[in-house]
Amino acid sequence: MAGTAVRETPPSWVKIIDQHRCIGCHACTVACKAENDVPLGVNRTFVKEVESGRYPETTRVFQVTRCNQCDDAPCTTVCPTRAMYRRADGIVDFDRQICIGCKACLNACPYDAIYIDPVSNSAEKCNFCAHRIDRQLEPACVSVCPTEAIIVGDRRNPTGVLASLLADGALQVRKPHRGTQPKLFYHEGSPLALDPLAGGAVRPRSATERPAGASTSQAAALYGAGAGRSIPWDWRVSAYTWTKAVASGPFLLWAFFSLGSPVERQAWTISLAVVSAALLLLTATLLIADLTHPARFYLILIRPQWRSWLVRGGFLLAVMGGGVLLFFIAALTDVEAFQAAVGWILVPLGFGVVVYTAFLFRDSKGCQLWQSPLLAPHLVVQAVVAGAAVLILVESATNLPWADLRALVAVLLAATVLHLALGALELLQSQGDSEVRYAVRELRSGRLAMWLRAGAGLAVATVVLTAVALGAGEPAVAYVAAGIGLAGLPLYEHAYVQAGQSVPLA
């Protein structure tokens, strides 16, 4: 139509690695570091060597490993500030200036392709040499490969070798069942190289076992295929799941257990508000302390990426904090209707604060243990355990009669039993996924077993003591049970959070 501008369709860049041509010279790794000024200790691309067979009949294959430039990139979904983003031409790029260092993208990537740069303290990875693409140049790795094993081109307009390889039908991608639609293809790739667990991976290494500043990718490059990965979220994230359960859990039960005389009830509500506010503040402190750019935390508020459950959870925590402040004011005024109204508002808010972590973990595609449908209900049950324990301890200060405490102790007993049952079911969940099997093995008999057993042991002790308290009608035993129940939850959470991140991905 005359006078109508024709909009040019952007390219869709793909990369193919020809496994038969790769000789493992590492020229691509060196070129990438030089072109992108990648510091020592981390790599955007590395060459993995995998040997199989028994001497003298052995084979060795090389696999160039880097960002898979996914069409449905989970790292862009979880990023709270859009520091990881997908361009119109399909290249997944990053902006180190607005990265807050939450490390959610590291757990979201099923390919272990993202690292925290030791100089910028931001999340970085292979970005297809986007600056060269924009100047109509090939990525640095392509230009230096001596055997032309790396081929790039536009999938929408393929030509030459790219067209023939795309039509070949012998192309594979890593972990297609994860649904990320990667655009890094391997021509006749080896299953042993594509799947780090195919040959039986060794145990994962902890962060302290890696050289200072070494990235997840560098760990695999230094120690060989399946040598394990670092743990992006350490004890602070494990602790945060507990602190927010303690802060929110009591309000899940508040409407049903506002006990005692008016004077006792006012003291009870004031104490509960103070405890919840302190734990919410500690939760925020832990989250900010875990960032590699803690001073940039405000970016979540001024440029939120609403698909990210980090953003949604942050706002839920903020609203919950405001609600707890209102609850405290209501307690001081001793206006019962005001207290009841605010308390009922805090019930769904508390539920949201407890459950949002399940959706955040669900978006962590690199942690298959966390994809369990049991996670959300288990978090709620743990919050009920924490809530009942906190209410028992708070009410101990008001010297309420045993008749008023008995119902809370029964709730603590039932919730702890259910917590143990759900934990057992998670250890028995579907073994069809090799990554889940690996994580469960770490929980049952690996380096995290001691944390799991300690948490389970304290939970069993809680069950025994609450049963004794109910049978003997002894409040003092109930107070001890509540304290032990609170102490056992973070041990279990630490084991679970770390196990999800323990699986070698590259």
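How are α9 and α14 oriented to each other, roughly parallel or roughly perpendicular? The two helices pack at an angle of about 80°. α9 and α14 are therefore roughly perpendicular to each other. Angles of 65 to 115 degrees count as roughly perpendicular, under 35 as roughly parallel, over 145 as roughly antiparallel and the rest as oblique.

This is a predicted model, in which local features need pLDDT of at least 70, side-chain atom pairs count only at pLDDT 80 or more, and totals for chains, interfaces and linings use all residues. Residues are numbered from 1 along each chain as its sequence is written, and side-chain values use heavy atoms, with hydrogens and water left out.

**The helix pair**

Helix α9 spans residues 235-253 and helix α14 spans residues 375-396. Their axes are 7 Å apart. Axes are lines fitted to C-alpha atoms, for helices over the stretch in contact, and angles run from 0 to 180 degrees between N-to-C directions. From α9, the contact includes A245, V246 and L253; from α14, it includes A383, V390 and L391. Contact means heavy atoms within 4.5 Å. By class, this contact has 11 nonpolar, two polar and no charged residues. Ala, Val, Leu, Ile, Met, Phe, Trp, Tyr, Cys and Pro count as nonpolar, Asp, Glu, Lys and Arg as charged, and the others, Gly among them, as polar.

**The whole chain**

The chain has 18 helices and 10 strands. Both are DSSP runs, numbered from the N terminus: helices are H or I with at least four residues, strands are E with at least two. Of the 506 residues, 56% are buried. Buried means under 20% relative accessible area, exposed over 50%, and partly exposed in between (1.4 Å probe, protein chains only). The chain exposes about 20800 Å², and carbon and sulfur atoms supply 62% of that area. Accessible areas come from the Shrake-Rupley method with a 1.4 Å probe; for residues, only the protein chains shown count as cover. Among contacts with a separation of 6 or more, 73% join residues 24 or more positions apart.

**Selected residues**

| Residue | Relative accessible area | Class |
|---|---|---|
| I17 | 0% | buried |
| D112 | 3% | buried |
| C129 | 7% | buried |
| K103 | 10% | buried |
| C102 | 11% | buried |
| H26 | 30% | partly exposed |

I17 lies in strand β1, residues 13-18. Beyond four places in sequence, I17 touches V64, A149, I150, L184, F185, Y186 and H187. I17 and L171 are 154 residues apart in sequence, yet 9.2 Å apart in space, C-alpha to C-alpha.

K103 sits in the loop between β5 (92-94) and α3 (104-108). Leaving out residues up to four places away in sequence, K103 touches I116, P232, W233 and D290.

**Cysteines**

How many disulfides does a search of the whole structure find? The search finds zero. A disulfide is a pair of cysteine sulfur atoms within 2.5 Å. The sulfur of C102 is 6.1 Å from the closest cysteine sulfur, in C105, which is too far for a bond. C129 is in no disulfide either; its nearest cysteine sulfur, that of C32, is 6.1 Å away.

**Backbone details**

Y55 and P56 are joined by a cis peptide bond, with omega about 10°. P56 is found in the loop between β2 (46-54) and β3 (57-65). H26 is not a glycine, but its phi is positive, near 70°. H26 lies in the loop between β1 and α1 (27-36). D112 is not a glycine either, and has a positive phi of about 60°. Its place is in the loop between α3 and β6 (115-116).
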